[in-house]
Amino acid sequence: VGQTPFERIKTLLAEEERLLTTTLDPDLILPGSYLEVWREGETTRRVNDLMAAFGQFPRLPRLLRPAALYETLARGVREGALVLRLPRADGSVRTWWRIPPDEETLRRQEMEVQPSSVAELHNLDTTLLTPDRLAELGLATEAPPTLAQVQALFDGTAVPRLASSSVLTDALHLAVQQGLLMALLSGQAYFREPLPEGPLPADTTLLPAPASLRGADLTPQALPDAWTAGQTTARHLANVLANQRGHPIPWRLLSESIEDALRLRLFELTPESGPWPCSPAAADQ
């Protein structure tokens, strides 16, 4: 009642599954679905070919809005059912899983779609490496996860395979530099700074971003165990903080808090102090 002729026809066609007015369940555009939008043995399809299929085959509903299919693809990526891949002219590939691309990128002519069960990830969004997101993906460990455990997660069962081990290590390098997480290796913590060059040890541990550290947190009043006769060293500050927090303190975090304290004149360098700023190797001076 009160509908225009167009609205009545649209409602009728939608009820008969002859017109798609909203997004689809992403599972319906996967191989094996009753919609049959994939050819036998096919594991990759152009997004444009999927779009064309809905206008070509009578058995498929028509799309009221082309955006409905793009929204379905983005939802499928977010839910982990689909991987989008964009081949580049140089032979490399950009992939998206769990974090969809922007709409302009999604609509590019070369964009392809794959079921996540057969896809390989050529890159990994850094936000997926935070401990909370890893737990959502199925890596629930009592202790903070290691690089080896994260690598084993991407085995092509619950989550897609990685095209190479460097996909994970590249993402980890970037995540640490961005301050999304802290990495612990060889007894040293890294946060908002480059990780060492070369292969990372399998027992490299991924921890949440550390709590903030200000100059006021380093004073004798705030950290009395670190001071003796009104003096301390950067090394001693780091050791006492590590005992309190249960993990080594990233040098970048400690040095910035010392700078903050010096700027606020909460303490000052002694006459016999070594030069400041300094590297971790000179922390005792």
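Axes here are lines fitted to C-alpha atoms, for helices over the stretch in contact, and angles between N-to-C directions run from 0 to 180 degrees. Keep that in mind for a helix pair further on. This is a predicted model, in which local features need pLDDT of at least 70, side-chain atom pairs count only at pLDDT 80 or more, and totals for chains, interfaces and linings use all residues. Residues are numbered from 1 along each chain as its sequence is written, and side-chain values use heavy atoms, with hydrogens and water left out.

Start with the whole protein. It has 9 helices and 11 strands. Both are DSSP runs numbered from the N terminus: helices are H or I with at least four residues, strands are E with at least two. Of the 285 residues, 43% are buried. Buried means under 20% relative accessible area (1.4 Å probe, protein chains only). Contact means heavy atoms within 4.5 Å. Among contacts with a separation of 6 or more, 57% join residues 24 or more positions apart.

Now look inside. A nonpolar core is a set of buried Ala, Val, Leu, Ile, Met, Phe, Trp, Tyr and Cys residues joined through side-chain atoms within 4.5 Å. The largest one has 29 residues. Those with the most contacts inside it are W97, L124, L129, V150, F154, L172 and L195. Two or more residues each come from α6 (147–153), α7 (165–178) and β9 (181–185). Helix α7 gives the largest share, 6 residues. V150 touches L129, L134, L139, P145, L168 and L206, not counting residues up to four places away in sequence. A second, separate core has 24 residues, including A189, A226, L241 and F267.

Stay with α7 for a moment. V176 lies in this helix. V176 is buried, with a relative accessible area of 0%. Leaving aside neighbours within four places in sequence, V176 is in contact with L181, A183, Y190, F191, R192, E193 and L195. L129 is 47 residues from V176 along the chain, yet their C-alpha atoms are separated by 9.8 Å.

Finally, the helix pair. Helix α8 (residues 234–245) packs against helix α9 (residues 251–263) at an angle of about 120°, with the axes 11 Å apart. That makes α8 oblique to α9. Angles under 35 degrees count as roughly parallel, over 145 as roughly antiparallel, 65 to 115 as roughly perpendicular, and the rest as oblique. Which residues meet in this pair? From α8 come A234, L237, A238, L241 and R245; from α9 come W251, L253, L254 and I258.

Conventions. Buried < 20%, exposed > 50% of the residue type's maximum accessible area, 1.4 Å probe, protein only.
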